[in-house]
Amino acid sequence: MDARFRFAMSEDGMKLGVNRYFPAEGGEGPSVALLRRQVLQAGVDLSGLDYDEAAAERIVQAVQTGREFRGIVLVRGVPVQEPEDARLVALGNLDYPVFPGDGFARKYPPLTAAPGRTISGQVLPPKSSAVPRDIPVEMGDNVELDPLTNAYVSTIYGMARLSDGVISVDPLFRIDEDEVTVSSTVFHKDFRGNRMSSARLEKELRDIGVAIDVELGAIDKAIARAEATGQPVHDVPIVQGKYPVPGRDGWLEYLVSTREDTGQEDESGRLDFRNRGAYPMVEAQQTIARLHGPTQGQGGIDIYGKTIPASGGRELVIHLGENVMLLEDKVTFVSRAKGIMVMERNVLSVNDCLLIRGDVDYGTGNVVLEHGSVRILGSVNESFSVSAPKHVVVGGSVESATITAGGCVEVSGGILMPKGGRIRADGDVVTGYATNARIEAGGDVHIVNEATNSYIHADGRIVALKGHGIIQGGETVCAKGVEAKEIGSDMGVITKIAVRIDEPADEELRQERARIKEAIRKIDETLGCGQPKEILARTARDKRHKVAAVIRHRIKLIERRKAISEELTRMALVRQERLAGIRIRVHHRINAGTVIQFGAKHVQIKKNMDATVIYWDPATSDLVFGSL
């Protein structure tokens with residue numbers, strides 16, 4: 001007899017195996033072919049079933065060697081296929097980046113319901129006949145479909161995402177507009193869990209054409225930090241080219257001291273004004289300035305190794321003013337008369353000036369000039385005033401006094417106004433410090449050391465960059481920007497910095513609107529509320545013509561008020577556009593408690609900020625805080 005196999009089937013009819021074996025008695029021995037024949041002889045229809053050839057080999061080897069063969073499944077029935085919706089399966093952790101060539105997701109199509117069959121031939125119907133749902137997936141940027149693996153493959157280094165049925169990869173390398181720098185968010189591993197390295201990122205940078213050095217050290221540090229914290233490190237500069245340096249504009253070299261020469265700073269941060277020569281006196285025929293031409297710029301290099309050309313400087317045009325002549329060399333300026341040198345709007349002049357060698361006090365009385373400038377070697381004492389149609393230069397301090405100048409005001413010491421007073425200049429105001437002061441300038445205001453609890457209004461800029469360079473307390477209002485080392489106080493003193501572009505017509509219109517509003521209110525109190533017909537109906541007949549005239553006047557007032565409001569709104573929009581080019585720059589620190597205002601927009605600083613630039617963004621109608 002041949003070797004014989006006896007078979008057993010599971011209760012559910014889905015598995016069949018060998019449970020007994022009888023050795024051959026002179027006939028054919030055990031083999032894979034014999035085993036298959038005996039399965040068919042047992043009445044099993046193998047068509048459509050899963051007959052496991054490898055399992056058959058294991059069974060034959062087991063009976064030949066005397067090992068256990070029970071438990072090896074030889075034939076499996078056809079399982080019931082229940083309907084399954086389509087699936088999009090991530091092939092890794094997509095919270096981490098993918099590299100070019102990485103298959104990061106695969107779509108499994110929907111499966112419709114299908115009956116199963118037991119080994120004995122019994123048909124098993126599915127439990128559900130529902131129609132499975134498909135998932136619409138569209139390929140977006142930087143993605144390809146691999147037809148062999150049916151996987152979505154990235155073509156760049158970036159972050160994979162599925163949004164609104166579109167699968168795409170967002171690049172992690174961010175190249176700036178000038179193509180000079182590359183920054184990136186750095187992770188410590190990729191989506192498969194493989195550790196990140198600077199070499200891997202460098203290869204990707206080379207593949208996109210980066211030709212200059214890569215900051216491998218910065219990348220390694222960022223990877224270590226990401227690994228230690230478990231969080232990615234954002235905005236890491238990984239490639240740094242060189243920006244072009246534009247040429248220097250033409251400039252005027254002063255051969256005498258100028259108002260910008262504020263002395264030298266000592267170790268304590270104070271300035272020595274003894275050698276300061278603001279609005280200096282010059283002699284006739286004295287060489288006072290020399291004009292220098294513009295210089296060429298220095299080219300830069302972008303990340304691809306290409307040279308970026310630099311622009312050259314611009315020519316400076318100096319116009320000759322009073323008592324100044326230009327020599328034949330076209331660059332040397334000489335004074336024609338003794339006086340004080342002034343540079344205004346590119347006009348170089350030497351003007352006549354009244355010199356007061358001491359203080360302005362009871363010995364001099366108030367100083368009132370109808371022409372020229374005044375230079376005071378001493379101080380301006382409390383309750384006195386100085387007025388000049390041009391410039392006022394004070395060698396000492398101004399103490400609760402009034403200074404009015406049609407040009408500029410310069411105070412070498414400082415301005416103290418605990419008992420009132422005011423500085424009003426149509427040009428610039430320059431002072432060593434300001435305490436409880438009121439300063440109004442048609443040009444710029446320069447604070448050498450600090451301004452404390454002062455009201456400062458400038459139609460130009462407010463600058464506090466030398467000495468301590470602090471503006472704290474009070475209100476500072478300008479039309480063209482602020483530059484300071486520090487704003488506010490670490491004690492939380494409220495300091496207001498405002499940028500306003502108002503014209504005199506603005507205030508005139510507001511005052512007119514207020515007067516019209518008050519006139520309408522008085523008319524309403526007299527006539528009462530209601531439509532004109534109702535008001536006339538309750539008015540005595542002999543007074544109706546007067547009341548009608550008042551009503552017509554009220555209608556005109558309302559129309560005028562509306563027109564004023566529309567004009568103010570239009571002008572405010574124009575001011576907002578002009579605000580966009582103005583900057584508040586704080587080189588060291590802006591302290592919490594400081595209030596920043598651009599036009600009608602107010603923002604109070606909640607925490608200290610270092611090296612900050614603030615400007616108005618008309619696109620968002622909001623303030624932007626950036627880093628210097």
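In the predicted model, strand 10 and strand 11 (residues 151-154) are paired in the antiparallel sense over four bridges. Within strand 11, Ser-154 is the residue that stands opposite Val-143. Both strands belong to an open sheet of four strands, which has the order 5-6-11-10 and antiparallel pairing. The edges of this sheet are taken by strand 5 (87-90) and strand 10 (143-146); each has a single partner strand, so one side of each is left without a neighbour in the sheet. On average, and with direction ignored, neighbouring strands of the sheet are turned by 30° against each other.

Further strand pairing involves strand 46 (residues 583-590), which is joined to strand 44 (residues 481-487) in the parallel sense over five bridges. In this pairing, Val-482 stands opposite Ile-584 of strand 46. Strand 46 also pairs with strand 49 (residues 609-617), here in the antiparallel sense and over six bridges. Thr-612 in strand 49 is the bridge partner of Val-586.

With residues up to four places away in sequence not counted, Val-398 touches Val-380, Ile-403, Val-411, Gly-414, Ile-415, Leu-416, Met-417 and Ile-423.

Helix 1 (residues 32-41) has four named buried positions, Leu-34, Leu-35, Gln-38 and Val-39. Viewed down the axis of helix 1, these buried residues fall within an arc of 140°, and they therefore line one face of the helix. Just after helix 1, Gly-43 adopts a positive phi of about 95°.

Val-245 is placed in the loop between strand 16 (233-240) and strand 17 (251-254). With a relative accessibility of 40%, Val-245 counts as partly exposed. When residues up to four places away in sequence are left out, Val-245 touches Gly-297, Gln-298 and Ala-310. Glu-283 is 38 residues from Val-245 along the chain, and the C-alpha atoms of the two residues are separated by 39 Å.

The cysteines were examined for disulfides, and the count comes to zero. Cys-478 is in no disulfide, as the nearest cysteine sulfur, that of Cys-408, is 17 Å away, whereas a disulfide requires sulfur atoms within 2.5 Å. Cys-408 counts as buried because its relative accessibility is 4%. Cys-478 is likewise buried, with a relative accessible area of 1%.

Key
Residues numbered from 1 in each chain as written. Predicted model: local features only at pLDDT ≥ 70, side-chain atom pairs only at ≥ 80, totals over all residues. Heavy atoms only, no water. Helix = DSSP H or I, 4+ residues; strand = E, 2+ residues; numbered from the N terminus. Buried < 20%, exposed > 50% of the residue type's maximum accessible area, 1.4 Å probe, protein only. Contact = heavy atoms within 4.5 Å. Arc of directions from axis to C-beta. Pairing = 2+ DSSP bridges. Axes fitted to C-alpha atoms, helices over the stretch in contact; angles between N-to-C directions.
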